[in-house]
Amino acid sequence: MADSNLISATATGEPAAPTLDALKELPLPPVVPYTPHTIGWAILAGILVLLILWSLWRRHKRRLANRYRVEALAELDQIEQALGTEPIAATRLPVLIKRVALTCAPRADIASLSGDAWLQWLEASLPQAGFLDAPGKLIPALAYGSPPTNTQELSALLTLTRRWIKEHHVRV
């Protein structure tokens, strides 16, 4: 006996169209998991997370180590702005350079330096900078309160100081 829901042959021999009751829902394939099946992927993900955390920690440490540089450049900008109204503001430049040097190098090496020894240390900290040449020679005079007479040399010294602050590096 044939089931009434199954396809039955008509009188002409052709199969009859199935009814909606005879249709069955197809089974869906299992859901594909998003987690990896092997331990290697988990280890790789862990290593990647550790590398990202390490690089963020290094970046933070470097930013803290170079914070003095940003503050020194801001103070240099203030000195440059003050030079327009009061030329004596240039005498603050050697103090700024010495404070920056004391921040990045051992105090015992820097604190006692003056004159040519100080200029030689600055030149050694940034080779071929020009501290032993004309613009750098203004530093000792400015340190003793002498206002600058040559504005071109003062401008060159400000440029040299900005370059020195930006380019010398602190070990992190």
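The exercises below work through the helices and the core of one predicted model.

Residues are numbered from 1 along each chain as its sequence is written, and side-chain values use heavy atoms, with hydrogens and water left out. In this predicted model, local features need pLDDT of at least 70 and side-chain atom pairs count only at pLDDT 80 or more, while totals for chains, interfaces and linings use all residues.

**Exercise 1.** State how many helices and strands the protein chain has.

Solution. Helices (H or I, at least four residues) and strands (E, at least two) are DSSP runs, numbered from the N terminus. The protein chain has seven helices and zero strands. Buried means under 20% relative accessible area, exposed over 50% and partly exposed in between, with a 1.4 Å probe and protein chains only. Of the 172 residues, 26% count as buried.

**Exercise 2.** Determine how helix α2 (residues 67-83) and α3 are oriented to each other.

Solution. Axes are lines fitted to C-alpha atoms, for helices over the stretch in contact, and angles run from 0 to 180 degrees between N-to-C directions. The two axes come within 11 Å and cross at roughly 180°. Angles under 35 degrees count as roughly parallel, over 145 as roughly antiparallel, 65 to 115 as roughly perpendicular and the rest as oblique. Therefore α2 and α3 are roughly antiparallel. Contact means heavy atoms within 4.5 Å. On the α2 side, the residues that meet α3 are Y68, A72, E75, L76 and I79; on the α3 side they are L93, L96, R99, V100, T103 and C104.

**Exercise 3.** Find which residues of helix α5 (residues 115-125) are buried, and where they lie around the axis.

Solution. The buried residues are W118, L119, L122 and E123.

**Exercise 4.** Describe the largest nonpolar core.

Solution. A nonpolar core is a set of buried Ala, Val, Leu, Ile, Met, Phe, Trp, Tyr and Cys residues joined through side-chain atoms within 4.5 Å. The largest has 32 residues, and L93, L96, W118, L122, I139 and W164 have the most contacts inside it. Helices α2, α3, α5, α6 and α7 each supply at least two residues. The largest share, seven residues, comes from α2.

**Exercise 5.** Decide whether T161 is buried or exposed, and list what T161 touches.

Solution. T161 is found in helix α7. At 0% relative accessibility, T161 counts as buried. Not counting residues up to four places away in sequence, T161 touches L76, L93 and I97.

Notes
Arc of directions from axis to C-beta.
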